Every structure is written in structure tokens, then in C-alpha cells.
Amino acid sequence: MNFSLNLKKKPKKSFKRNKHFESSDEEEDDIVKEFGSNNSNNDVFYFYKDKKIYINESLELSSQLEKNGINFALNGNFAKAISHFKTSIELVDFFLQNNNNISNIILNSEEDEMDVDVDYDINCINERLAKILEMKAQIELDIGNTFTAIKNAERACECFPTWKESYLTLARSQRNFGELELSVLNFQKAINLFQGEEEDQEEIFSELNEVKDLLTKHNLITAKKQ
């Protein structure tokens, strides 16, 4: 349900307050130097900054790009943050699309004694993917790219259905886009997932009630026109 109302209110809980954002000291220029040489799958690669990134390297590079994206976001460089998150997401997708090679990747990583701080468990990968998508959605929402924020938050919910932040960001994005009924539903889902976190629940309840008020006003206006 889309309609024209002034719904450009900034989210009360901006991305800077999201618990998942943490600082990192990674330097952008150094991020890809160590990649492109460890080839365990000659015919499958992701091209990044003039280097071929192979499946066994994709998650590690994705993790480093995620950390850099967080730093850029915290420093207010939203364009670079979005760019880094976008590539980080693409690298995880690249890995998942070629997941028939996962067993070989794990074996090769162990044999080569690679110092890789990544988890090859599919559920863990999907969880991390959801969190990157949700962070990107927060920034897209903050700079006014509401539809893109919705698409990212929706996918985050699909990847990791119990990630509470995804439903909260989705609800806020839908609110700003004018999809008030959907926003109400996802605020309610977020409240259920924030069980035991009273301060967060109170804030979400407040936002939910505001959306319900907007929806009531819209329904009244629509009824008068009919």
C-alpha cells in the first residue's frame, strides 16, 4: 500500500547505534594484496581490483571488506561503506553459488595451513550475510534510498529469519516508503524477537504506535474520499 504522506522521518535508532557496528583498523589499500595467488579452483573466480579471487579466498576478503565498510559508515563516508558492503555481499553470494566445492575448500585450507578467520558452516555464512545486508539497509535508509533499503532488509530476513535487527530495519524502511501495513507487521515481529530487552522493546513499541496512528489517519482520509 503506497501513498503520499510525509514519511521521511529519520529512524530513531540510526545505524550508528546498531550493536553489530564495531570499529576496525583495516586499511583500504592493503585489503587485496594477499589475495589472488591461492588458486584451488582454476575455472571459478570473482574479479576484484584487477585480481582473480578464488572460492577459497572469497569469504576472507568479504570479511575484510565488511570491516572496512563498518569503518567508513562510522566515519560518515556512506558511499564507500555501501560500496564495500555491496562487494562483501557479492563475495558471499559467489561462495554460496559454488558451494559444491566447499568440502574441497576446507581440505585445501587445512592443508595449506591458511590463517583464515571464517566459518564454512552454511548457517553461519547465511547469518553473516544477513548482518551485512542489514547494515547496508540501514545506511541506504539513512541516506534516503528507501526502496533499496527494503530489498536489502527483506533479503536479510530471508537469510537469517531470527535476526531481529533485520525486521526492525525492514519495518522502518517500509514506514518511510509508505507501506504502513507491512511496517506494522514487521515492527510486531521485531518486538517478539527483542523479548527480554525492555529498553529496545519500549522504543519499538513507540515507533509501532506512531505507524499505527499514521495508518489510522490514512484509512480515515480514504474512507472520506469514497
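1. Helices here are DSSP runs (H or I) of at least four residues, numbered from the N terminus. In this predicted model, threonine 146 belongs to helix α5, which covers residues 146-159. With a relative accessibility of 13%, threonine 146 counts as buried, because the cut-off for that class is under 20%. Apart from neighbours within four places in sequence, threonine 146 is in contact with Glu140, Leu141, Ser173, Asn176 and Phe177.

2. Two aromatic pairs are present in the structure. One of them joins phenylalanine 147 and phenylalanine 177 in a tilted arrangement, at 5.8 Å centre to centre and with 40° between the planes. This pair links distant parts of the chain, since phenylalanine 147 lies in helix α5 and phenylalanine 177 in helix α6, 30 residues apart. Phenylalanine 147 is partly exposed at a relative accessible area of 49%, and phenylalanine 177 is likewise partly exposed, at 30%.

3. Phenylalanine 160 and tryptophan 163 form an aromatic pair that is stacked, with 6.3 Å centre to centre and 20° between the planes; both of these residues are buried.

4. Helix α6 (residues 164-177) packs with helix α7 (residues 180-193) at an angle of about 160°, their axes being 8 Å apart. The two helices are therefore roughly antiparallel, and α6 passes α7 in a left-handed crossing. Residues making the contact include Tyr167, Leu168 and Ala171 of α6, and Leu182, Phe187 and Ala190 of α7. By class, nine nonpolar, three polar and four charged residues make up the contact of α6 with α7.

Notes
Residues are numbered from 1 along each chain as its sequence is written. This is a predicted model: local features need pLDDT of at least 70, side-chain atom pairs count only at pLDDT 80 or more; totals for chains, interfaces and linings use all residues. Side-chain values use heavy atoms; hydrogens and water are left out. Axes are lines fitted to C-alpha atoms, for helices over the stretch in contact, and angles run from 0 to 180 degrees between N-to-C directions. Angles under 35 degrees count as roughly parallel, over 145 as roughly antiparallel, 65 to 115 as roughly perpendicular and the rest as oblique. A crossing is left-handed if the near helix is turned anticlockwise from the far one by less than a right angle, and right-handed if clockwise. Contact means heavy atoms within 4.5 Å. Ala, Val, Leu, Ile, Met, Phe, Trp, Tyr, Cys and Pro count as nonpolar, Asp, Glu, Lys and Arg as charged, and the others, Gly among them, as polar. Buried means under 20% relative accessible area, exposed over 50%, partly exposed in between (1.4 Å probe, protein chains only). Rings of Phe, Tyr and Trp (its six-membered ring) pair if their centres lie within 6.5 Å; planes under 30 degrees apart count as stacked, over 60 as edge-to-face and the rest as tilted.
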